[in-house]
Amino acid sequence: MNRFVVRSVMQGLINGRSYCGSSICNGHLYRSAIVGRNTQLIGQQIGGVTSAGGFEWRRMMSSAPAPASMDKEEKKGTSEVSPVTSYWGISRPKIIREDGTEWPWNCFMPWETYKADVSIDLKKHHVPKNFMDKLAYRTVKFLRVPMEMFFQKRYGCHAMMLETVAAVPGMVGGMLLHLKSLRKFQHTGGWIKALLEEAENERMHLMTMIELVQPKWHERLLVLTVQGVFFNAFFVLYVLSPKLAHRFVGYLEEEAVYSYTEHLNAVESGEVENVPAPAIAIDYWRLPKDATLKDVLTVIRADEAHHRDVNHFASVRITYLHICSDDTISGF
């Protein structure tokens, strides 16, 4: 860093960016650079003249805002200046909802909200037909056993853990298809966007559930462990066989539909209190203002059913990351 500072100063001198009066030669600036101090060139009178070149150099080396003296000079001749809310001068646009209130969320915008299709078939099941299908199906059934033993009737905590896992495959698949598209200079038929949107949708499920359930410390530790293992395992699986990876996710989403159905049954029977829906869920799924937990679980279950169908379909359409040049994914 010290060499970079000295080189920047010397380059400024060579390029004719004179500091008028050669006060730099007294060694003050050079010594400041050598000892690593944050040299403040703004507003210093070097030889009776303010250093403009020093301003450029200082702004390049520091993320601190410009001093008030420079702000006053820049604001000369302007009677009113709009407030700046960030260092880069980019402020968040004010978005007004239909009811006249300001949009409160930064994690999603109004045009990203939607109404879930709750009429989707919830009982659809892909019957395993070959060894790969049976392997994926049996693996999901095996992984369900320890989850049921650990969470038992704590449906909210179970759903929270499920979403931390379900949000991983879409991100991994979208990332690998993105890299494949860059290497092969080929289109992907919209699959990158579809998979990344699936990951984001699953993340919003999680953001909704944590408004309803506060995980304990051991559950947070379990999330860290499961995510670390599952991400790496699924990454390797997707590289080796996207077909098997998507079939696995399809069966995982079938189990998610079943889990949310159990949760809904517990709410309807009174075993779980039907509390008011979180504000984030009302805005994200465009639910009525008086929506309850039952409404939230219903739309989340519909999302999971949609992800189930997408991944079972992708298992047929995506084969070993082979992307056709005609903007479609090769199929069988």
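**Helix H9 and its neighbours**

Let's start with H8 and H9. The axes of helix H8 (residues 217-240) and H9 come within 5 Å and cross at roughly 130 degrees. Axes here are lines fitted to C-alpha atoms, for helices over the stretch in contact, and angles run from 0 to 180 degrees between N-to-C directions. Helices are DSSP runs (H or I, at least four residues), numbered from the N terminus. H8 and H9 are therefore oblique to each other. On that scale, angles under 35 degrees count as roughly parallel, over 145 as roughly antiparallel, 65 to 115 as roughly perpendicular, and the rest as oblique.

Who touches whom? From H8, Phe230, Phe234, Leu237, Tyr238 and Leu240 make the contact, and from H9, Pro242, Leu244, Ala245, His246, Phe248 and Val249. Contact means heavy atoms within 4.5 Å. By class, that gives ten nonpolar, one polar and no charged residues. Ala, Val, Leu, Ile, Met, Phe, Trp, Tyr, Cys and Pro count as nonpolar, Asp, Glu, Lys and Arg as charged, and the others, Gly among them, as polar.

A quick word on the model. It is predicted, so local features need pLDDT of at least 70 and side-chain atom pairs pLDDT 80 or more, while totals for chains, interfaces and linings use all residues. Residues are numbered from 1 along each chain as its sequence is written, and side-chain values use heavy atoms, with hydrogens and water left out.

Next, H6. H6 and H9 pack at about 160 degrees, with their axes 11 Å apart. That makes H6 roughly antiparallel to H9. The residues in this contact include Leu162 and Val165 of H6, and Leu252 and Ala256 of H9. They divide into eleven nonpolar, four polar and three charged.

Now H7. The axes of helix H7 (residues 191-212) and H9 come within 15 Å and cross at roughly 25 degrees. H7 and H9 are therefore roughly parallel. Among the contact residues are Glu198 and Glu202 of H7, and His246 and Glu253 of H9. The class count is four nonpolar, two polar and three charged.

Last, the cavity. How many cavities of 30 Å³ or more does a search of the whole structure find? One. A cavity is a set of points on a 1 Å grid over the protein atoms alone, where a 1.4 Å probe fits but cannot get out; lining residues have an atom within 4 Å of a point. The largest cavity has a volume of about 70 Å³, a volume being the space filled by probe spheres set on the points. H6 (155-184) and H9 (242-269) each supply at least two lining residues. The lining includes Tyr155 and His263.

Note on methods
On a 1 Å grid over the protein atoms alone, a cavity is a set of points where a 1.4 Å probe fits but cannot get out, and a pocket is an open set with protein on both sides within 12 Å along at least five of seven lines; lining residues have an atom within 4 Å of a point.
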